[in-house]
Amino acid sequence: MKKFLALSMSVIMLFTVSSCGKKETKDVPKEPTTESSEKIKEPDTTTPEQPDADQAKEQENPSADVKEPDTTTSEQGASDVSSAIDASTTADTNPIPFGQWAKTARYAAEDKTYHTVYVRVTKVTTSSDDAEYVQSAIDLHNTNSYEFSQIDVNEIKLPADVELCVLDYEVFIPEEFPGPDYGIVKPNMQFSQKNIGGGGFPSADGTSTYIGMGANSEDLEIEKDATYQPGNTYAFKSLFTMVKGYTDYVFEFTSYPEGTGDEHNVEDMYSAYFANK
């Protein structure tokens, strides 16, 4: 039996204020949960063949329309993280700017200790903005995931003012990050969405509040049986739900300081916040 988003397995409570001042509740589906990855391929460094006459003419025209490489599908080595912001110093009202690298830490199974990694949000796409992009991300996931992880959008029942969205982000793993020769554990981050200032997410008409929206995301697979090595930057995608047109939220994940071992105190945990635009 195919598994689709946890969104269809649980509910978000929608609280509506009635004309009598009392609150009524009704069940609406909850949003998805995530974990996904996309490995960035290293550029081809082989020597190109000599272009023929027609190709040479095209190369002489510098005004030709040239597209920039898609960094979410190409592999790159060490990223420039010299200006990275310490993620532990952020707040929901002062998040990491969109596209900016943040310095955080991730658990390494090799030595059971948290080590520095860098994360940045690169793209946020709503179904209203680009439904084709959202669907293509789901289709790619279904191509590369196992049967029990398949997502069938026809089975996802959302309120009329809620839509599916895709978060694109990158994680750079420094070369010194410990790991065996065969690679490290998938370095994706468990992002959630938080309403700025706290509380639930208001419905589009402002008369109701979605409680629990943003608590889970669905990891979208990008490559089948991918492997990961320190020294590279990897791209990932997450599927989540959001009220249509609502932007007053940030992306959030929790971590521990670099050097933290298994015997850590929960008081040391911090939240990292990232802007969505």
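Mentor: Accessible area here is computed by the Shrake-Rupley method with a 1.4 Å probe. On that basis the protein, which is a predicted model, exposes about 15100 Å², and carbon and sulfur atoms supply 48% of this. Of its 277 residues, 44% are buried. The fold contains two helices and 14 strands. Where contacts join residues at least 6 apart in sequence, 72% of them link residues at least 24 apart.

Now the rings. A pair of aromatic rings is described by the distance of the centres and the angle of the planes. Searching the whole structure gives 16 aromatic pairs. One of them joins tyrosine 107 to tyrosine 114, in an edge-to-face arrangement with 5.5 Å centre to centre and 65° between the planes. Buried means under 20% relative accessible area, and exposed means over 50%. Tyrosine 114, at 15%, therefore counts as buried, while tyrosine 107, at 33%, is partly exposed.

A second pair, phenylalanine 191 with phenylalanine 253, is also edge-to-face. Its centres are 5.2 Å apart, with 80° between the planes. Phenylalanine 191 lies in the loop between strand 7 (162-172) and strand 8 (192-195), and phenylalanine 253 in strand 13 (residues 249-255), so this pair ties together parts that are 62 residues apart in sequence. Phenylalanine 191 is buried at 3% relative accessibility, and phenylalanine 253 is buried at 3% too. Both belong to one aromatic cluster, whose members also include Tyr169, Tyr228, Phe236 and Phe274.

Another ring to look at is that of tyrosine 133. The charged end of lysine 123 sits over this ring, 3.8 Å from its centre. Helix 2 (residues 127-144) has 18 residues, and a straight helix at 1.5 Å a residue would reach 26 Å, but the end C-alpha atoms are only 22 Å apart. Tyr133 is among the buried residues of helix 2, as are Val134, Ala137, Ile138 and His141. The cover over those buried residues includes strand 6 (113-126), strand 7, strand 11 (218-220) and strand 12 (233-243).

Note on methods:
Residues numbered from 1 in each chain as written. Predicted model: local features only at pLDDT ≥ 70, side-chain atom pairs only at ≥ 80, totals over all residues. Heavy atoms only, no water. Phe/Tyr/Trp six-rings, centres within 6.5 Å; stacked < 30°, edge-to-face > 60°. Buried < 20%, exposed > 50% of the residue type's maximum accessible area, 1.4 Å probe, protein only. Helix = DSSP H or I, 4+ residues; strand = E, 2+ residues; numbered from the N terminus. Lys NZ or Arg CZ within 6 Å of the ring centre and 35° of its normal. Expected span 1.5 Å × (residues − 1). Contact = heavy atoms within 4.5 Å.
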